Amino acid sequence: MKIYTRRGDDGTTGLLGGERVRKDDAQPRAYGAVDEAQAAIGLARAEADRGGELDRLLVGLERDLWILMAELATAPSAGERLEDGVSRVTDGMVEALEGLIDELSGRFEPPTEFVVPGQDRISALLDVARTVVRRAEREAVGAVPEGSAAVRYLNRLSDLLWTMARWQETESLTARTDPEPPASEPA
């Protein structure tokens, strides 16, 4: 099997269910943005300890995003083919993110003002992933059918990634806090 099909050379792509749409249509833009979010999460995961808690959590999120992309890539006429938790995001998936946010938030003192990203590599990558998820959320708004949990899932996912970044960095640099000078510089 070849990786290329040439079917998209005319600027269209196929949705699940057989319908073809332009590649700049709302659905391909939305699932494309989610694909980018998944890759950004993968970049953060590449820095995590393999098999550690953060790695396992991020793998679970990446797998959830396959479900979300399947929902976004399904033609409206084929919506009845979607299966909860397999190709359609469920309320339970959103609630699971909320549970993770609550659990991880209990492990550190959350900052009360804006955070300056970049305290360490993993937290910075999680913050980048968070912003990509926010873009995916904006794209998904115009692409999901009424009643879909996909936008709520992306909204909670960005909150979870923010929480994970703060959890990983342990101590946040806030917008109004001066950073500590390096040890080699006079104070």
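Helices here are DSSP runs of H or I with at least four residues, strands are runs of E with at least two, and both are numbered from the N terminus. Keep both rules in mind for the helices below.

This is a predicted model, in which local features need pLDDT of at least 70, side-chain atom pairs count only at pLDDT 80 or more, and totals for chains, interfaces and linings use all residues. Residues are numbered from 1 along each chain as its sequence is written, and side-chain values use heavy atoms, with hydrogens and water left out.

Start with the whole chain. It holds 5 helices and 2 strands. From the N terminus, the order is β-β-α-α-α-α-α. Along the principal axes, the C-alpha atoms fill a box of roughly 65 × 35 × 30 Å. The chain has 187 residues, and 43% of them are buried. Buried means under 20% relative accessible area, exposed means over 50%, and partly exposed lies in between (1.4 Å probe, protein chains only).

In α4, the buried residues include L126, A129, R130 and V133. Their cover includes α1, α2 and α5. R121 is also in α4, but R121 is exposed, at 51% relative accessible area. R121 and A44 are 77 residues apart in sequence, yet their C-alpha atoms are 8.3 Å apart in space.

Which residues does L161 contact, leaving aside neighbours within four places in sequence? Its partners are I41, L58, L61, L126, A129, R130 and V133. Contact means heavy atoms within 4.5 Å. T163 lies in α5. T163 is buried, at 3% relative accessible area. Not counting residues up to four places away, T163 touches I101, L104, S105 and F108. Across the chain, consider contacts with a separation of 6 or more: 71% of them join residues 24 or more positions apart.

Finish on the outside. R6 sits in the segment before β1. R6 counts as exposed because its relative accessibility is 61%. The phi of R6 is near 70°, a positive value in a residue other than glycine.

The chain has 23 positive and 35 negative side chains, and the centres of the two sets lie 8 Å apart. Lys and Arg count as positive, Asp and Glu as negative; His and the chain ends are not counted. Each charge is placed at NZ of Lys, CZ of Arg, CG of Asp or CD of Glu.
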